[in-house]
Amino acid sequence: MLRTLRDTLFDPLDRAVETIAPRLEATEVAHVVSVGNGVAQVAGFTDLHANELLSFEGGLMGIASNLREDRVGVIVLGNTGALRPGDRLHRTERVVDVPVGEALLGRVLDPLGRPLDDAGAVDAEARMPVERIAPPIMHRDPVNVPLQTGIKAVDAAIPIGRGQRELILGDRQTGKTAIAVDAILNQTDTGVISIYCAVGQRASAVARVLRSLRDHDAMQRTIVVVASSQDAPGLQFVAPYAATTMAEQFMAQGRDVLIVYDDLTRHARAYRQLSLLLRRPPGREAYPGDIFYIHSRLLERATHLRKEHGGGSLTALPVIETQAQNISAYIPTNLISITDGQLYLSPDLFEKGQLPAVDIGASVSRVGGKVQLPAFRAVAGNLRLMYSQFEELETFARFGTQMDDETRRKLTRGLRVREVLKQREQHHLAVPEQIAALLAATEGLFDEIEPKDVAKAEESVQQAVRDRCPDICEAIEAGENLTDDHRAALIEVMRAALDDTGEDGSDADA
């Protein structure tokens, strides 16, 4: 009886012990000393690296930030409500990384690469650190290929190139996100991969962007990274770096990527909150002194690589919010100096119904006409100067001063150009259509048309150019020069279209 019991109970146990190979693993374990809103102070580590990923009990992760002899300040990547003093945590001996690759396209992810949609787990080909060194200068190529947004006011006056960093700034509710999303939607047939990174946005605002992307079938070539206003400040801080790492993987493969950071104002606030809780000394407007470095090391990763280093490009459109049109505040001036230009959206123009509310005079692209197609340079080369002169004349005309015929003509044409620059949200125009509208306005074809009827006349000339001049349209899109013969043919076709539709209204401003 005893032999049978021993054979039944102990023999299997003895065989299992023989097959087990014990392995010792040394792990440093520390404990939580105190917990704040998004940060924790821990003690007990004898060896730790800066920015190392730490694991709390329960699966919560954190980043080692402030390394001191007696304790370590940790940025918690999640809700700190479940943490208590005395809780244990251990090292992972790795930095924060995210999944990268084709499997991410069409997905909605958090800054750690965890899915936020209902499409299941992410089957990524690799994982890469969120913090990476920007490409060196010698690996970069000049920015000379346009990134068309489909918006006349941008593509004609403030062109954006692939590999450029163009800041979008303005007060609240002036259409900043609308321009950035329109730029993403216009890349349907260009092969450009898009990444939308929402930092500190309301869930309803992110939902509207997702609906726009899905309605226009843009999700299949887009990655959405979300750290909403309800998420921990640590996740909001990591989000843009994680999104950039995802983009860099495609850039290294020789592909073109567009990334939108919406917005870096909230990113700066999240970092300010973390820094103050970690007891770093505040500087101007309570932001720590390294806030410039935080944003510069992010945006310097956007570039156009040389062919021998992949040949891809990463175009960055950071969004920033101003208060009371104060573009000289601390964070806006930082980002203006880091980026290659800015699109300034004026609340005054927005209130007047001039949409998109791009202030052409205050906006600038430091890359300029180098990234424009030759047809754009031929038609809109002096658009900024002409429009600025018109605005100056319009200001003086309000005083009721007497004007000569030349001044009256400039006012008349400027009003029509202003109407042409108006454009509905998510109404994207191909390059030949933009060229047709701008050429008609600058050549005076709309001068005899009432401003309220310019939009209808614009549609007529665009349709006529598409139908009657397909060869010229193909030449424009192929990057060929707009010859005098092409210009004359377009003007003739557009003038005939206006005559056919009866657009011969009188000029009320003459």
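1. Starting with the surface: the accessible area of the protein chain comes to about 23700 Å², and carbon and sulfur atoms account for 50% of that. Please keep in mind that this is a predicted model. On the burial side, 53% of the chain's 510 residues count as buried.

2. Next, the overall dimensions. Taken along the principal axes, the C-alpha atoms fill a box of roughly 115 × 50 × 45 Å. The chain has 16 helices and 16 strands. Looking at contacts between residues at least 6 apart in sequence, you will find that 74% join residues at least 24 apart.

3. The chain has 56 positive side chains and 73 negative ones. The centres of these two sets lie 6 Å apart.

4. UniProt, in an unreviewed entry, lists residues 32-92 as "domain: ATPase F1/V1/A1 complex alpha/beta subunit N-terminal". In the model, that stretch is 51% strand and 0% helix. The C-alpha atoms at its two ends are 16 Å apart.

5. Now to the open sheet of eight strands, whose order is E8-E12-E11-E13-E14-E10-E15-E16. Its pairing is mixed. At the edges are strand E8 (108-109) and strand E16 (364-365), each of which pairs on one side only.

6. Strand E8 runs parallel to strand E12 (residues 222-227), and two bridges join them. Here valine 108 stands opposite valine 224 of E12.

7. Four bridges link E7 to strand E9 (residues 126-129) in the antiparallel sense. Valine 98 stands opposite methionine 128 in E9. Both faces of E7 are covered: Val98 and Val100 are buried on one side, and Asp97 and Pro99 are buried on the other. If you are checking burial residue by residue, note that an aspartate is among the buried residues of this strand.

8. Finally, helix H3 (residues 176-185) is mostly covered, with eight of its 10 residues buried. Lys176 is one of the buried residues, and so is Asp182.

How values were computed. Residues numbered from 1 in each chain as written. Predicted model: local features only at pLDDT ≥ 70, side-chain atom pairs only at ≥ 80, totals over all residues. Heavy atoms only, no water. Buried < 20%, exposed > 50% of the residue type's maximum accessible area, 1.4 Å probe, protein only. Pairing = 2+ DSSP bridges. UniProt positions renumbered as here; feature names shortened; annotations may be inferred. Contact = heavy atoms within 4.5 Å. Areas by Shrake-Rupley, 256 points an atom, 1.4 Å probe, with all protein chains shown as cover. Lys, Arg positive; Asp, Glu negative; His and termini not counted. Charge placed at Lys NZ, Arg CZ, Asp CG, Glu CD.
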